[in-house]
Amino acid sequence: MSACVGVLKRRLGAHSPAGFASPLQPLRCPGGGRWESSTRTGETLRPLEGVRVLDLTRVLAGPFASMILGDLGAQVIKVERPGAGDDTRAWGPPFVASESAYFLSVNRNKKSIAVDLKHPRGAQIVQQLAGVCDVLLENYVPGKLRQMGLGYEQLSGLNPRLVYCSITGYGQTGPHAQSPGYDSIASAVSGMMHITGPEGGDPVRPGVAMTDLATGLYAHGAVMAALLQRQKTGRGVHIDCNLLSSQVKPPDDEPISSQYSPQVNAV
């Protein structure tokens, strides 16, 4: 683990708020007085060039969102479990050694490190990385990362500009907040399975994980909006994005917070 930190420190360069090194030297825009992370210009500059994303997600919804951010030019640092890594590495026949085709389909344009978040030193590494990143994505059960010192309140204290995106099954609050989120369950609860398959037949799961993919798209869009908002306010936000809300919405006469978590909510 210490070897990984040494490599990252060498790659990430100068001083940062969390004591970790960063190559991104803030520069003022000549006109608007805002701060920029990159000085590259021209046709080769991608939209998110200079933006750094810390990806703590696994399986599909979160990795799909961070992959899109990577496609748009962001530097994505994917944090995986030591040994096994992301669950999807072992799904299906391996395309190359230790990597399944499923894993590769949603994890391109990323750099991966193995960190044990349950170890104090592992949590410290993530804190240091969060201090020099623009975006953090996670898909843990609400409250789990807070126990490790990696919740939004804790990390935003280290880096007030951090955009922290939480992807869950049912949102941060409510009776099912502590339930793990799975595409098939959210598809059933939301009613999607009722409109697939033969007419009059039993509910059928879609052949593609539509709930996970839709949630990943919502999360990606929310992160993009939060980065724009940060240019105006100078501060990051906590985004609450969940599987169920990507498929349903509350009745028009019911407050959005009374039963369902919002699709995207800046806290």
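Which cysteine sulfur is closest to the sulfur of Cys-241, and how far away is it? The closest one belongs to Cys-165, and at 5.8 Å it is too far away for a bond. A disulfide calls for two cysteine sulfur atoms within 2.5 Å. Over the whole structure, the search for disulfides finds zero.

The model discussed here is a predicted one. Its protein chain contains eight helices and 11 strands. Of its 267 residues, 44% count as buried. Among the contacts between residues at least 6 apart in sequence, 64% join residues that are at least 24 apart.

Among the buried residues of α2 are Pro-63, Phe-64, Met-67, Ile-68 and Leu-69. Gly-62 and Gly-70 also belong to the buried set. After α2 comes Gly-73, which has a positive phi near 115°.

Aromatic rings come next. A search of the whole structure finds two aromatic pairs. In one of them, the rings of Trp-91 and Tyr-102 have centres 5.1 Å apart and planes at 65°, so the pair is edge-to-face. Trp-91 sits in the loop between β4 (75–80) and β5 (94–96), while Tyr-102 belongs to helix α3 (residues 101–105), so the pair ties together parts that are 11 residues apart in sequence. Trp-91 is partly exposed at 39% relative accessibility, and Tyr-102 is partly exposed at 32%.

Tyr-152 and Tyr-164 also form a pair, with ring centres 5.7 Å apart and planes at 70°, so this pair is edge-to-face. Tyr-152 lies in helix α6 (residues 152–158) and Tyr-164 in strand β9 (residues 163–168), so the pair ties together parts 12 residues apart in sequence. Here both Tyr-152 and Tyr-164 are buried.

The loop between α6 and β9 contains Asn-159. Is Asn-159 buried or exposed? At 7% relative accessibility, Asn-159 counts as buried. Leaving aside residues up to four places away in sequence, Asn-159 touches Ala-130, Gly-131, Val-132 and Cys-133.

A ring can also meet a charge. The charged end of Arg-58 sits over the ring of Tyr-140, at 5.0 Å from the ring centre.

The last stop is a pair of helices. Two packed helices are described by the angle between their axes and by the distance between those axes. Helix α7 (residues 183–190) packs against helix α8 (residues 210–233) at an angle of about 95°, and their axes are 8 Å apart. Angles from 65 to 115 degrees count as roughly perpendicular, and α7 and α8 are therefore roughly perpendicular to each other. On the α7 side, the contact is made by Asp-183, Ala-186 and Ser-187. On the α8 side, Met-210, Thr-211 and Asp-212 make the contact.

Technical notes: Residues numbered from 1 in each chain as written. Predicted model: local features only at pLDDT ≥ 70, side-chain atom pairs only at ≥ 80, totals over all residues. Heavy atoms only, no water. Phe/Tyr/Trp six-rings, centres within 6.5 Å; stacked < 30°, edge-to-face > 60°. Helix = DSSP H or I, 4+ residues; strand = E, 2+ residues; numbered from the N terminus. Buried < 20%, exposed > 50% of the residue type's maximum accessible area, 1.4 Å probe, protein only. Lys NZ or Arg CZ within 6 Å of the ring centre and 35° of its normal. Axes fitted to C-alpha atoms, helices over the stretch in contact; angles between N-to-C directions. Parallel < 35°, antiparallel > 145°, perpendicular 65-115°, else oblique. Contact = heavy atoms within 4.5 Å.
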